[in-house]
Amino acid sequence: MTPQQNGAMPEGGVIFSPGNSAERETGSWRVKRPVVEMDRCTHCMICWMFCADSAIDAAEGKFLGFDLAHCKGCGICAVECPAKCIDMIEELTLQAASTEEGGR
Ligand code: SF4
Ligand code: SF4
């Protein structure tokens, strides 16, 4: 069985077929997560244009949020956002906060 058949990451991360991101969730690679201050978003869609992973959710010309199953946390959206309403937050910080909240 080849690595592609059993779903394992192929040696060297070589991609053998195009358009396979729908099957492969890359969000677990992320060290930092984009977090938006929604009330400051102007829906300019600059983040959507720059995101190389098509990880910006949008509908009818409006920014809706991030597809965290595919966002790799590169931070390009935060750098390019003209409103500066995206912060890149450490995943471990967010996970610790959510565990703490769940424990209360
Ligand atoms: S770039 Fe910033 S202001 Fe523009 S849609 Fe994205 S989050 Fe909103
Ligand atoms: S952090 Fe990178 S991959 Fe994630 S939404 Fe922003 S530009 Fe896309």
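A residue counts as near a molecule or strand if its C-beta atom, placed from the backbone, lies within 6 Å of it. With that in hand, welcome to a predicted model, in which local features need pLDDT of at least 70, side-chain atom pairs count only at pLDDT 80 or more, and totals for chains, interfaces and linings use all residues. Residues are numbered from 1 along each chain as its sequence is written, while chains are lettered from A and ligands numbered from 1 in the order in which they are written. Here is a short tour, starting with the two ligands.

**Ligand surroundings**

- Around ligand 1 there are 13 residues, and Cys-41, Cys-44, Cys-47, Phe-63 and Cys-81 come nearest.
- The shell of ligand 1 holds 11 nonpolar, 2 polar and no charged residues, where Ala, Val, Leu, Ile, Met, Phe, Trp, Tyr, Cys and Pro count as nonpolar, Asp, Glu, Lys and Arg as charged, and the others, Gly among them, as polar.
- Ligand 2 also has 13 residues around it, with Cys-51, Cys-71, Cys-74, Ile-76 and Cys-77 coming nearest.
- In the shell of ligand 2, the classes are 9 nonpolar, 2 polar and 2 charged.

**Overall fold**

- The chain has 4 helices and 4 strands; these are DSSP runs numbered from the N terminus, with helices being H or I of at least four residues and strands being E of at least two.
- Following the sequence, the elements come in the pattern α-β-α-β-β-α-β-α.
- Of the contacts with a separation of 6 or more, 61% join residues 24 or more positions apart; two residues are in contact if their C-beta atoms, placed from the backbone, lie within 7 Å.

**Burial and the core**

- Buried residues make up 12% of the 104 residues in the chain; a residue is buried if 20 or more other C-beta atoms lie within 10 Å of its own, exposed if 12 or fewer, and partly exposed in between, with C-beta atoms placed from the backbone.
- The largest nonpolar core has 10 residues, among them Cys-47, Cys-51, Phe-63, Cys-71, Cys-77 and Cys-81; such a core is a set of buried Ala, Val, Leu, Ile, Met, Phe, Trp, Tyr and Cys residues joined through C-beta atoms within 7 Å.
- In soluble globular proteins, nonpolar side chains tend to be buried together.
- Cys-77, a member of this core, touches Pro-34, Cys-47, Phe-50, Cys-51, Ile-56 and Ile-86, leaving out residues up to four places away in sequence.

- Cys-81 is in the loop between helix 3 and strand 4, and counts as buried because it has 21 C-beta neighbours inside 10 Å.
- Beyond neighbours within four places in sequence, Cys-81 is in contact with Ile-46, Cys-47 and Ile-86; its C-alpha atom is 6.3 Å from that of Ile-46, 35 residues apart along the chain.
- Ala-58 belongs to strand 2 (residues 56-59) and is partly exposed because it has 13 C-beta neighbours inside 10 Å.
- Not counting residues up to four places away in sequence, Ala-58 touches Met-45, Trp-48, Phe-63 and Leu-64; C-alpha to C-alpha, Ala-58 and Trp-48 are 7.9 Å apart, at 10 residues apart in sequence.

- His-43 has a positive phi near 60° without being a glycine; His-43 is in the loop between strand 1 (32-36) and helix 2 (46-50).
- His-43 is partly exposed because 13 C-beta neighbours lie inside 10 Å.
- Lys-84, likewise not a glycine, has a positive phi of about 50°, and is placed in the loop between helix 3 (76-80) and strand 4 (86-90).
- Lys-84 counts as exposed because it has 11 C-beta neighbours inside 10 Å.
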